[in-house]
Amino acid sequence: MRGRSALLGLVVLACLPVHGRAQTPAAARLEGMWSDPPVTPDGLFCFFACTDAGLARLNALLDNPANDARPFQELQGEAKRFERESLRDLLTPAARQRYPLDPADDPGFLKCEPWGLVRQIFAPHQLEIRQRGTTLELRYGEWDGRRTIHFDGREPGPTPTAMGHSLGRWEGEALVIESSGIAANLIMLPDLQAMGEHSPQMRIVERYTRSKDGAVLHMTAMLTDPQTFREPVVYKKIWRWAPEQHIAPYDACEPPTEFKKAVQR
Amino acid sequence: MNGLRAAAVALPILVLSAAETIAHHAFSPVYDEKRVITVAGVVTEFRFVNPHVMMFMDVTDDSGKVEKWAVEFAGRLNLSEFGWTAESIKPGEKVTVTGNPTHTSSPRMFFRKIVRADGTELLPGNAQRLDTIEELRRQRRKSSQQQ
């Protein structure tokens, strides 16, 4: 009887379209533990997230022999400033009025409030991808944040939530996740040094691919939010295959006992 | 001095990069990135936790008065990338810590370097990453000069 049930299950699974399944050979290629990027200029620059414009600026600075004596950290800082200014220019007038957020007003800092999806997906450190029945679970070391990726096309609930509603599909070996129903929260532009706010109209399309040698996971994320950006913005991020890592408890956050507002950097 | 406390010292300004942002929030509201101090003392506790690893130490001044200091690190999720464990620093160890002070100069700092009694050093992970990048750049320059 058990054998017949298992056989029936296999037949049902085989009949499902590829876009409706979490468990595919491609999923197996992504499954496991990832963590901080390889130690390369691109890896460090995209530690949280980066843009093509920022990467191009960094590489132009690195390729210029006149900069050979300047430390990488200085060149990275210059490219990051350029990247932040480029992102600021893409903000709507309303979003620009509230930019940048004073880091002392970050509820993650003030109240130990876990990040929403738009920050969580760019969190540094561990990312664990696991198949859970018909879904995928993405678990992050930062905040021990977790999200479930559904493959059955279900509709989001009526109320936006911090981690939103995520639907997955496979395009060849790429995992594509479309997220909506995300409650208004903070957005990194593109890191914690420069933050703004996004609206519940935010939609994200993430695309995950593993490098041919298996060592690196690449993600591009298109962020669309007409209340925040004048046009869609694309962030990139990189993780390193890190089976030696594990996600430790995130249970000792304490609100600050002292802090200063409006610190000029 | 009892050898246990050093005054604030002028060291090169350490500029934070994005990779050094301390785990779940920005650094600037609490710590002054433009100043660096060095304090010596005896470790009383090392908490290897998230979101911030914490070390507590007793610092004795010239008069023999003991002051409790707290040293904040990046999170366990960050330091574990570099092989740190709950045993990396033990209570009773004599250490000299260099770090960024708070804006209010309270007895608290953000870790930049620890020197143990035997002279060995503990450094933030990002310092190791930057060393690797500079070596990559040196090799690249060398190879382009040879072509």
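Trainee: Where in chain A does A:Pro190 lie?
Mentor: This is a predicted model, in which local features need pLDDT of at least 70, side-chain atom pairs count only at pLDDT 80 or more, and totals for chains, interfaces and linings use all residues. Residues are numbered from 1 along each chain as its sequence is written; chains are lettered from A and ligands numbered from 1 in the order in which they are written. Helices (H or I, at least four residues) and strands (E, at least two) are DSSP runs, numbered from the N terminus. By that numbering, A:Pro190 sits in the loop between β7 (185-188) and β8 of chain A.

Trainee: Is the peptide bond from A:Leu189 to A:Pro190 cis or trans, and what is its omega?
Mentor: Most peptide bonds are trans. The bond from A:Leu189 to A:Pro190 is cis, with omega near -5°.

Trainee: Which residues in chain B are joined by a cis peptide bond?
Mentor: The proline involved is in the loop between β1 (37-47) and β2 (54-60) of chain B. Omega is about 5° for this bond, which joins B:Asn50 and B:Pro51.

Trainee: What is the phi of A:Cys112?
Mentor: Most residues other than glycine have a negative phi. A:Cys112, in the loop between α7 and α8 (117-120) of chain A, has a positive phi although it is not a glycine. The value is about 55°.

Trainee: Why does A:Cys112 count as partly exposed?
Mentor: A residue is buried if 20 or more other C-beta atoms, placed from the backbone, lie within 10 Å of its own, exposed if 12 or fewer, and partly exposed in between. A:Cys112 is partly exposed because its number of other C-beta atoms within 10 Å is 17.

Trainee: Where is A:Asp144, and what is its phi?
Mentor: A:Asp144 is in the loop between β3 (135-140) and β4 (146-150) of chain A.

Trainee: How many residues does chain A bring to the contact with chain B, and which element gives the most?
Mentor: The contact takes 39 residues from chain A and 32 residues from chain B. On the side of chain A, the elements that give two or more residues are α3 (41-45), α5 (72-89) and α7 (107-110). The one that gives the most, with five residues, is α5(A).

Trainee: Which residues of α2 in chain B are buried?
Mentor: Helix α2 (residues 125-146) of chain B has 22 residues. Seen down the axis, the buried residues of α2(B) fall within an arc of 130° (the arc of the directions from the helix axis to the C-beta atoms), so they line one face of the helix. They are B:Gly125, B:Asn126, B:Arg129, B:Leu130 and B:Ile133.

Trainee: What do the buried residues of α2(B) pack against?
Mentor: The face turned away from the buried side carries exposed residues, among them B:Glu135, B:Arg138 and B:Lys142. The buried residues of α2(B) pack against α1 (76-79) of chain B together with two helices of chain A, α3 and α5.

Trainee: What includes α3 and α5 in its covering within chain A?
Mentor: Helix α4 (residues 52-63) of chain A has twelve residues, of which A:Gly54, A:Arg57, A:Leu58 and A:Leu62 are buried. Those buried residues fall within an arc of 135° seen down the axis, so they line one face of the helix. What covers them includes α3 and α5 of chain A, so the helix asked for is α4(A).

Trainee: How many helices and strands does chain B have?
Mentor: Read along the sequence, chain B follows the pattern β-β-β-α-β-β-β-α. Buried residues make up 41% of its 147 residues. The numbers are two helices and six strands.

Key. Two residues are in contact if their C-beta atoms, placed from the backbone, lie within 7 Å. The expected span of a helix is 1.5 Å times one less than its number of residues.
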